[in-house]
Amino acid sequence: MGSSPAYPSDLTDEQWALIEPLVPVLSTSGRGTRGGRPAKYPRRRIVDAILYLDRTGCSWRQLPHDFPPWETVYYYFQRWAADGTTDRIHDALRDAARDAAGRDPAASAGAVDSQTVPGAATVGTGSRGYDAGKKVNGRKRHLVVDTLGLLIVVLVTAASVQDRDGGIRVLDRAKMAMPSLVLVWADAAYSRRTQDFASKALRILVQVVAKLVGQQGFVPLPRRWVVERTHAWITGHRRMSRDYERLPAHSEAMIKWAMIGLMARRLAPAPGRRPWQPARAS
């Protein structure tokens with residue numbers, strides 16, 4: 001493709017080099033390298049198409065025609081989410097980003113928080129709910145991140161699921177994904193029951209960071225601001241401004257792809273993508 005991407009969300013050659021070894025070689029049989037003719041569309045363009053949709057918020061059917069057909073892109077999006085490819089790409093980039101920052105890839109501390117977003121008409125009644133506190137009908141994203149704000153795990157539930165219940169489930173998932181995790185900062189919504197479960201069953205200390213005395217409006221709080229910033233990173237992708245996915249598992253995959261794009265840009269910055277960066281010489 002060369003070093004001049006067609007869209008701002010496209011991967012540069014350097015960024016693609018980070019991801020390419022982790023993406024299965026495609027074939028028309030859908031079975032990787034075994035059997036079938038070579039795939040008609042390159043893996044890189046399929047990945048670029050997923051990142052484009054995530055960043056711009058367009059629907060699958062409105063992907064630009066210079067990408068592979070939307071049916072092909074969606075097929076691999078859901079296939080990679082199901083077979084663990086998306087997780088492997090995400091986790092490898094997270095480990096590389098932590099290593100580049102001088103951190104051990106095995107995180108020992110992190111933060112947990114949730115975010116409620118409206119559900120689009122494509123979200124069925126079986127996986128959506130009403131968050132009475134936020135007055136939003138949709139889904140809730142439960143995140144556990146490390147101290148850099150990089151995603152450890154995500155759990156998408158109906159918005160009606162209380163933080164104390166979602167917290168137990170997402171912390172259990174986090175301990176399986178990152179056994180080294182022993183300390184997590186949280187807000188007061190994570191009740192004593194959540195803290196007791198984490199301590200006894202998972203050997204994780206959940207430390208509540210309380211609001212400041214006299215606090216009004218939003219104030220960044222120590223430790224907690226890290227996960228709140230991650231929510232902001234994610235919702236900076238227009239597909240993430242609300243939940244459009246029929247399946248919660250696909251919502252989780254979209255969040256991981258948002259982080260994949262972010263970490264690829266962090267590991268291999270593209271000159272000229274920001275006003276203060278010099279353009280690459282032609």
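The model is predicted, so local features are given only where pLDDT is at least 70 and side-chain atom pairs only at pLDDT 80 or more, while totals for chains, interfaces and linings use all residues. Residues are numbered from 1 along each chain as its sequence is written, and side-chain values use heavy atoms, with hydrogens and water left out.

**The cores**

Begin by selecting Ile19, Val47, Leu63, Trp80 and Trp257, which touch the most other members of the largest nonpolar core, a set of 45 residues. Such a core is a set of buried Ala, Val, Leu, Ile, Met, Phe, Trp, Tyr and Cys residues joined through side-chain atoms within 4.5 Å, where buried means under 20% relative accessible area, exposed over 50% and partly exposed in between, with a 1.4 Å probe and protein chains only. Among the elements that each supply at least two residues of this core are helix H1 (13-19), helix H2 (43-56), strand E3 (136-146) and helix H8 (248-267); helices (H or I, at least four residues) and strands (E, at least two) are DSSP runs, numbered from the N terminus. H8 gives this core its largest share, nine residues.

Next select Ile89, which lies in helix H4 and is buried, with a relative accessible area of 0%. Not counting residues up to four places away in sequence, Ile89 touches Ile19, Leu22, Val23, Trp257 and Ile260, contact meaning heavy atoms within 4.5 Å. Although Ile89 and Trp257 are 168 residues apart along the chain, their C-alpha atoms are separated by 9.0 Å.

**Strand E3 and its partners**

Now select E3, which is largely enclosed by the rest of the structure, because 10 of its 11 residues are buried. Strand E1 (residues 109-118) pairs with E3 in the antiparallel sense over nine bridges, two strands being counted as paired if DSSP finds at least two bridges between them. Strand E2 (residues 129-131) also runs antiparallel to E3, joined to it by three bridges. At Gly138 of E3, look for Pro118 as a bridge partner and for Gly129 standing opposite. E3 and E4 are antiparallel too, with seven bridges, and here Arg141 stands opposite Val156. In the hairpin of E3 and E4, with four residues between the strands, Gly149 takes a positive phi near 90°.

On a 1 Å grid over the protein atoms alone, a cavity is a set of points where a 1.4 Å probe fits but cannot get out, and a pocket is an open set with protein on both sides within 12 Å along at least five of seven lines; lining residues have an atom within 4 Å of a point. Grid points are joined across faces, edges and corners, and a volume is the space filled by probe spheres set on the points.

To find its centre, select Ser9, Leu51, His237, Gly261 and Arg265, the closest to it of the 15 lining residues. H8 gives the most to this lining of the largest cavity, with five residues.

The second largest cavity holds about 40 Å³, and its lining includes Arg141, Arg239, Tyr244 and Glu245. Finish at the second largest pocket, of about 290 Å³, where Arg239, Tyr244 and Glu245 are again among the lining residues, together with others including Trp60, Trp70 and His250.
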